[in-house]
Every structure is written in C-alpha cells, then in structure tokens.
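Work through the following exercises with the sequence and the model at hand. Each task is followed by a solution in steps.

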Amino acid sequence: MNIPHKNLIFLRVSSNKEKKYCLKAGSFFSGILAKGNFMESSPGLLSSLFIKMASLPQSVGYAIDPVTYVFCMDSSLDGSIKSWQKVNKDKAEARLVSDLEIDAGDIEKAWLRTLKGPKSKRDADKIEIYTLRRAYKKLAEKTLGQLKKRIGTRALEPSDFKNNKERMELISNTVQYQENALKERFSKKKFSEFNNKLPSPQFIFSPYFPIHHDDGWFNVMKSIWSDFLNFYKGDNGVCVLQCSIEMLDSHGDELKKFFDEIKPKHVALWLDNFGEDKASVDDLVVFGNFVMDLNKLYISVFNLYGGSFSMFLYPFGMSGLVCSSGYGEAKGVDPISGGLPAAKFYIKSRHTRESVATAYDLLVRADMGETLENYYKDVCACPICKRGIEQGRIDIIRFYGELGEEVMCKDGVARRFPTSNAMDRCAFHFLFNKLMEYRAIKKLTGSEILEIFKKDIETWNDVDNGHGHLQNWYSALTTLSQKRSLD
Ligand SMILES: [Zn+2]
C-alpha cells in the first residue's frame with residue numbers, strides 16, 4: 001500500500017488582490033485553496049479562477065476549505081463572523097431580525113450604535129448594527145443546516161452536535177457545498193453546456209472545530225471524522241484536525257489510535273498559532289513524530305498553515321503544505337480575521353520572512369549580499385530581485401520596503417504603509433523562493449537535508465548566538481531521523 005498523495009504544494013488565495021499571484025505563479029503549484037467565506041463573498045472571481053487554472057496544460061486543481069470552526073468562536077469580539085455595518089436607521093431592526101433569525105423583542109441595545117466621527121450627508125440617516133457578515137451568513141446557510149439559526153445569537157457548542165441528525169446534516173451539507181460550489185454558480189440555463197466540464201475539487205474536507213484536551217469538542221470531532229468517512233467514500237476525503245501543539249503532545253497517541261481505527265486517507269493539520277521558527281525542539285519533535293506515525297498508517301498529512309520546517313518534513317512523511325502570499329506560515333484559530341498586511345522579505349538561507357528593515361539588518365550582520373554579485377549568489381536571484389536590485393542588499397529597503405504617503409489612521413496617528421507594488425514584490429519573491437525550496441527538497445533524503453542545514457546554520461550562527469530556529473530545526477530533524485532508523 002502506498003501513500004496516495006505525496007509532495008504537494010498548494011497556494012492559498014485569500015483576497016481579490018491575491019488573484020494575480022495565482023494567475024502568474026499558480027501554474028507551478030499543485031492546487032489552489034480558498035476559504036468558504038471567500039467563495040461566498042467573491043464567487044465569480046474564484047469560479048473563473050478555478051476554471052482557468054484547471055484549463056492550463058498541466059491542469060492545476062482547487063479545493064474549498066469549509067471553515068466550519070468559525071461558527072463556534074465568540075462572535076462578540078472583533079475579527080469574528082459579525083461586524084459593525086452601516087444601515088439606514090429605519091431598516092436597522094428589520095435587518096437584525098432577518099440576519100440573526102430572532103424576534104424583534106430579542107434585539108439587544110448593544111447591537112445598535114450611532115455612527116462614530118463626523119457624518120457625511122449620505123450618512124445622515126444611518127446608524128451601525130452589529131450583525132453577521134454576509135459571507136459567513138451565506139456559508140452558514142449552505143453548511144450548518146438547522147443549526148444556522150443559532151449563530152445569530154451564540155457560538156455553536158459541543159452539545160449542539162450530540163444528536164446524529166444535526167451532525168449528519170452538517171457533514172452532508174459541508175461535503176455537498178464543496179462539491180457543488182462551482183456547479184451552483186453555473187447552474188443557469190445559459191451555462192448548461194459548460195456544466196459538465198466544470199472541474200471537481202481536488203480534495204473534500206470534513207467539517208471541523210478546534211479541539212482542546214478533554215472538552216466536548218474532542219468527542220464531537222471523533223464522531224464527525226468517522227461519520228464523514230462513512231458518508232463520503234471518495235479517495236480524496238480529508239479529516240481536518242485543528243488543535244494546539246500542546247493537544248498534539250498530550251493526546252497525540254489517542255488521536256493516532258483513533259485514526260488507525262477509522263482509516264482516513266488524508267489528514268489536514270492546523271496547529272493553532274504554531275510558528276515553526278519560534279517553536280522549541282520538543283514541540284517540533286512532537287509535530288514531526290505525529291506526521292511520521294500517521295504515515296506509518298498510510299495516511300497522508302497536509303499542513304494547512306506551515307512554514308519551511310513543514311517542507312523539510314517532506315522526506316519524513318509530510319505530504320503537502322499550503323503557502324500563502326500574505327499571511328499564512330502560522331495562524332491562530334482566533335480571531336478568524338484581522339491583522340495589517342506588512343511587507344516582509346523572505347531570506348532563503350534562514351527560511352523565514354522578516355520585516356524589510358529586520359531583513360536588511362540580518363543581511364548586514366551575516367555579511368551577505370553587499371555587492372550585486374554576492375547578492376545574487378547568497379541572497380536571491382529570483383526574477384523580482386533581478387529586476388529591482390541594482391547594487392546589492394541596500395536596495396531591498398527601497399525596492400521591497402517602499403512606503404506610500406502618510407495616511408491618518410482611525411487612532412489619530414499618521415502612518416506610512418508599504419505600497420501595493422512593494423507588497424507584490426515581496427509576495428512574488430517569497431513564492432518564487434518557496435517553489436525553488438520545494439523543488440530542491442522533494443528530491444532529497446532526510447540525511448541530505450541535514451547536510452544542507454549545517455551550511456545554513458554556519459551562516460547564521462554568529463548572528464543568532466547558536467540559539468536560532470535553524471539550530472532547533474536541525475536538532476528536531478536529527479531526532480526524527482534517529483527515530484526513523486530505529487523503527
Ligand atoms: Zn528574490
């Protein structure tokens with residue numbers, strides 16, 4: 001028996017702006033991954049993108065992450081499924097009643113407020129209401145079944161899924177949602193000829209909620225995974241495991257035992273806020289061990305939010321990784337959205353992204369790339385660097401760190417943000433580097449990877465005083481190779 005899929009690299013698309021990264025670099029990836037809420041807010045853009053990618057000579061696939069977990073997060077906080085939205089004063093109550101599926105008498109005062117700051121003429125009759133974001137409401141309607149009524153007023157709880165009916169409804173809806181997202185878009189008669197030619201998703205994800213230790217969600221997820229595998233018989237079904245590294249440490253054996261019983265073909269991991277460059281050796285070993293052990297059970301493991309360490313795990317059994325042009329090398333479960341975009345420069349020999357100022361400082365301290373010749377040799381010779389770097393590392397500040405005019409922020413402080421050109425350059429330089437890294441790594445064995453690491457560690461040892469993330473990765477991979485040779 002073989003692991004069904006190996007050495008895959010996916011590109012996540014999270015916003016309309018990121019479409020250009022898919023169009024220009026997507027053909028080098030194994031597939032494009034989009035979140036369900038984005039599919040609901042930009043169905044036209046994503047459908048046409050998926051069809052375009054599938055029609056390329058090497059046919060790039062797509063998958064839709066159903067993000068069901070968002071419905072069990074506290075929606076009274078910023079960056080949740082709800083937000084403050086402007087509406088006409090006389091329509092505010094009706095909107096809340098319809099959005100939240102409640103009676104007018106249940107509207108709380110805290111969900112309405114007057115507009116902050118000076119009002120324009122157009123806003124004279126408007127107020128703000130705290131209500132569901134449209135994309136999440138649509139996603140809930142398509143995935144949750146009867147439970148969609150609850151999310152207007154509270155987060156979903158494990159007890160909501162104690163009955164088979166609610167759980168099976170969630171599972172069948174979530175599967176059908178992913179299978180039909182494209183078809184639904186093209187269901188109109190004028191597209192009927194087209195309908196048979198629509199590409200199907202590369203993978204179908206199970207619904208998922210974050211599990212913590214022994215709380216009720218752990219049991220709910222066990223039932224969801226096994227019901228999902230009974231319901232969806234395709235070879236491309238993926239059980240999603242969203243938990244903390246602590247959970248993997250304390251309950252890893254129980255999880256492995258359970259997966260051995262239900263035998264999924266694929267498991268997708270989302271480790272809550274697990275920054276691989278900040279992680280301890282012990283945590284990296286827990287993570288690597290889990291991947292290796294699932295592999296022994298012939299389960300392929302994908303990391304939904306991983307950095308370069310996850311890619312170095314390919315020879316140890318990692319099957320796939322999702323890259324993102326913006327955020328995405330680690331992501332917290334909560335909040336579900338938020339954060340300001342930053343221009344970050346990927347340093348190839350360090351395998352991490354840093355702010356442009358930090359990256360420049362690190363290159364100076366490691367004595368790398370001062371001249372153009374050295375820059376191409378030691379830092380990067382991707383097409384973007386070839387275009388913008390003229391003298392050497394000093395140019396990254398001008399080219400990758402380019403700032404726009406000052407803008408006044410909500411907090412009253414004037415700030416300058418990276419220009420969209422600078423963001424694009426950072427993103428493309430990063431994606432080119434990841435692809436180069438990926439192509440090199442997928443051919444290597446574990447011991448060859450350790451050899452490469454030695455060189456990278458030497459480069460950065462003086463700068464990091466021997467305690468950097470590279471040293472941790474090296475130690476963890478050494479432990480994993482020893483374990484593998486003992487098995
Ligand atoms: Zn570059």
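**Exercise 1: the nonpolar core**

Identify the residues of the largest nonpolar core that touch the most other members.

Solution. Of the 132 residues in this core, Phe10, Ile32, Val267, Ala268 and Leu269 touch the most other members. The helix that gives the most to the core is α16 (residues 420-441), with 10 residues. A nonpolar core is here a set of buried Ala, Val, Leu, Ile, Met, Phe, Trp, Tyr and Cys residues joined through C-beta atoms within 7 Å. A residue is buried if 20 or more other C-beta atoms lie within 10 Å of its own, exposed if 12 or fewer, and partly exposed in between, with C-beta atoms placed from the backbone. The model is predicted: local features need pLDDT of at least 70, side-chain atom pairs count only at pLDDT 80 or more, and totals for chains, interfaces and linings use all residues. Residues are numbered from 1 along each chain as its sequence is written.

Next, take Leu269: neighbours within four places in sequence left aside, Leu269 is in contact with Leu241, Val301, Phe302, Asn303 and Leu304. Contact requires C-beta atoms, placed from the backbone, within 7 Å.

**Exercise 2: a sheet and its helix**

Determine the strand order of the open sheet of three strands.

Solution. The order is β4-β6-β5, with antiparallel pairing. At the edges, β4 (82-88) and β5 (112-114) each pair on one side only. Strands (E, at least two residues) and helices (H or I, at least four) are DSSP runs, numbered from the N terminus; two strands pair if DSSP finds at least two bridges between them.

**Exercise 3: helix α5**

State which elements the buried residues of α5 pack against.

Solution. In α5 (residues 134-143), the buried residues are Tyr136, Lys137, Leu139, Ala140, Lys142 and Thr143. These pack against α2 (36-41), α4, β6 and α6 (164-185). Just after α5, Gly145 takes a positive phi of about 70°.

**Exercise 4: backbone geometry in a loop**

Is the peptide bond from Asp334 to Pro335 cis or trans?

Solution. The bond is cis, with omega near -5°. Pro335 is located in the loop between β11 (318-324) and β12 (344-347).

Conventions. Contact = placed C-beta atoms within 7 Å.
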